[in-house]
Amino acid sequence: MARSLCPGAWLRKPRYLQARFSYVRMKYLFFSWLVVFVGSWIIYVQYSAYTELCRGKDCKKIICDKYKTGVIDGPACNSLCVTETLYFGKCLSTKPNNQAKLGDQGNLSELVNLILTVADGDKDGQVSLGEAKSAWALLQLNEFLLMVILQDKEHTPKLMGFCGDLYVMESVEYTSLYGISLPWVIELFIPSGFRRSMDQLFTPSWPRKAKIAIGLLEFVEDVFHGPYGNFLMCDTSAKNLGYNDKYDLKMVDMRKIVPETNLKELIKDRHCESDLDCVYGTDCRTSCDQSTMKCTSEVIQPNLAKACQLLKDYLLRGAPSEIREELEKQLYSCIALKVTAKQMEMEHSLILNNLKTLLWKKISYTNDS
């Protein structure tokens, strides 16, 4: 009876719910479309950049055309262009080339002789015009210069040859401190915090990590005030470091390791509002002089402090309990190093040697080392 007194009441509610449902569905569809559109656009931009900068066939054709006309020469040209036993594999970077001038180096005459030896690709005692042009083009690249200077060092990949501005280096089996590599499309959608946690799960055993870490400390020694000057590590990302099957550290990407003299020229007098404006790469930082609004030329952190920052989580995870406290203490002392500190070089050597000694003592008698 009561139902017949209000025959329309039960009809109004379904209409309201239907309208509300339609609105929610439209809102859901709109945001779903927006996510798909933005995601597709990001993937397209990344793919376009990747394909544009990683065209191996086009690069090979340009290089080989120059070689066949005698414009360039080098020990790798025959393998690349004639016998075709050398070929392009995986594209490791989509970044444009990073150039730097040679700058003022210590023992410059000795360095010139070293470069001439490398430039003489066919070892006939003379540097041809093609070899000279190739060597000059390569000397504009930080990584090639470092491989020449550090060719006898254990942790620098060996230079296998060159052809024009293409150079060939030894293969490194593992191309990151961490043991997992994902397609770049998937990388775009993984939160950085989750990625760091995931990375920590895919690492070698702790003794092997300690051996890799010792290799990085030794490399820091190699580039710190060596016979050809001081070199600064301006990108200490884990992806720039690798290791071989014996867990010896090998540098994978050295393009952001630059001569200190060059960096000073690049960054000094740069206009700045704060210290954030005085950065080269990701890790070479100077300060902003507020009185002149110009960047100073002195880098704040030495290479060792940046290396320890990278190694902190890597080494502390799974570290043996008997050395963990001492290891953590030394790593934090290392991270606190400043270039401007009094007796910095003495502290630098002391901390570096203490860290190496602590790690070696723990792994010297293990099978994993």
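A nonpolar core is taken here as a set of buried Ala, Val, Leu, Ile, Met, Phe, Trp, Tyr and Cys residues that are joined through side-chain atoms within 4.5 Å. In this predicted model, the largest such core has 61 residues, and W206, F219, L304, L327 and L359 are those with the most contacts inside it. Helix α10 supplies the largest share of this core, 10 residues. Because domain 1 (56-167) and domain 2 (182-362) both give residues to the core, it lies between them. Another core, of 12 residues, lies apart from it and includes C234, I267, Y280 and V299. In soluble globular proteins, nonpolar side chains tend to be buried together.

For F219, the contacts, leaving aside residues up to four places away in sequence, are with L150, H155, T156, M233, L249, M251, M254 and I257. Following α10 comes H225, which has a positive phi, near 50 degrees.

Turning to the strands, β1 (residues 159-163) and β2 (residues 166-169) run antiparallel and are joined by 4 bridges. Together, β1 and β2 form a hairpin with 2 residues between them. Within the turn, G164 has a positive phi of about 65 degrees.

Terms used:
Residues are numbered from 1 along each chain as its sequence is written. This is a predicted model: local features need pLDDT of at least 70, side-chain atom pairs count only at pLDDT 80 or more; totals for chains, interfaces and linings use all residues. Side-chain values use heavy atoms; hydrogens and water are left out. Two strands pair if DSSP finds at least two bridges between them. Buried means under 20% relative accessible area, exposed over 50%, partly exposed in between (1.4 Å probe, protein chains only). Domain bounds come from an automatic or database domain assignment. Contact means heavy atoms within 4.5 Å.
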